[in-house]
Amino acid sequence: LGISSSTLGVRWSLNNIPHPPQTDNLFIGLVGVPVGLLAGDFMSGLFVPGHISIIGSGFNMRVTLVYLALGLIGGTIGILYFSGKWQAAEHQRRLEQAQRAAAEANLRALQAQVEPHFLFNTLANLDALIALDPKRARVLLTHLNRYLRNSLTHSRSESCTLGDEIEQLRAYLAIMEIRLPDRFHATVICPPECTEILLAPMLLQALVENAIKHGIEPSAKGGEIQLVANLKAEALEIAICDSGIGLNNAPKSETSNGTGIANIRERLQVLYGDEARLELTALPDAGTRALVRIPLAALDRKPT
């Protein structure tokens, strides 16, 4: 009991200090071992018949030395074991942080490439509409203003609610409906119970942009996109379906090499674990279905 209590004393000390430096291990041992030794000695006196305690023996030299040796052995084992576990856990934590930072850096780089292109094209459309249809130009400017405000907020945060992400997508899709008149229509369905779920920003927009660029725009008749969020028993599922030219008919180019989809999959895995996934499926008639599935255990909700 003395050895066990010494080891538990060391374990309690290590677990309750957030990030103990290695130089403090000796101090932890000096405190944890005597406390555990005396606690074990006291408990042994209660439960073991004929037990000779350190205090009861009047600090007999032989008894004290035996107990001290056993306590030091148990304490040393505890220090080495739990200190090693803490170092391994700390290393894993820092590795996961580095992976998250790398995934977010890839996202920011992707945003830096996509957003100027989108902005320049939208401003060119706005310039043309000012002369041809001033009323429609004002509507486009309103959507663009809303989109840029949301983008600025997203770029400064590590997470947002699904409701915030949907709001930005609505502004983006409204802009694209004006830029592709009579060729594009979008529907977004997000139940109220999904809106307060915290989600990594810009996770869905990349998929929507991909569907428009590689599915809708190359199609002669255009198409539509339907985004549906659904809260299952074990996961949040978000399906993005387009009626474009289809997964297997998308034109190949140097800029369309699948790196965007690969980055999204990597980001999902880093942020939400191996069970989070992105599935791309060719629809029977035409178009593509992108399904994002994130386990509820890996998600948080915004405090209400």
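User: How many residues sit between β4 and β5 in the hairpin they form?

Analyst: Three residues lie between β4 and β5 in that hairpin. Before going on: this is a predicted model, where local features need pLDDT of at least 70 and side-chain atom pairs count only at pLDDT 80 or more, while totals for chains, interfaces and linings use all residues. Numbering runs from 1 along each chain as its sequence is written, and side-chain values use heavy atoms, with hydrogens and water left out.

Strands here are DSSP runs of E with at least two residues, numbered from the N terminus, and two of them pair if DSSP finds at least two bridges between them.

Now the cysteines. The structure has zero disulfides, a disulfide being a pair of cysteine sulfur atoms within 2.5 Å. For Cys190, the nearest cysteine sulfur belongs to Cys194 and is 5.1 Å away. Cys190 counts as buried because its relative accessible area is 17%, where buried means under 20%, exposed over 50% and partly exposed in between (1.4 Å probe, protein chains only). Cys160 is buried as well, at 6%.

Over in β1 (residues 160-161) you'll find Thr161, which is buried because its relative accessibility is 5%.

Note on methods. Helix = DSSP H or I, 4+ residues; strand = E, 2+ residues; numbered from the N terminus.
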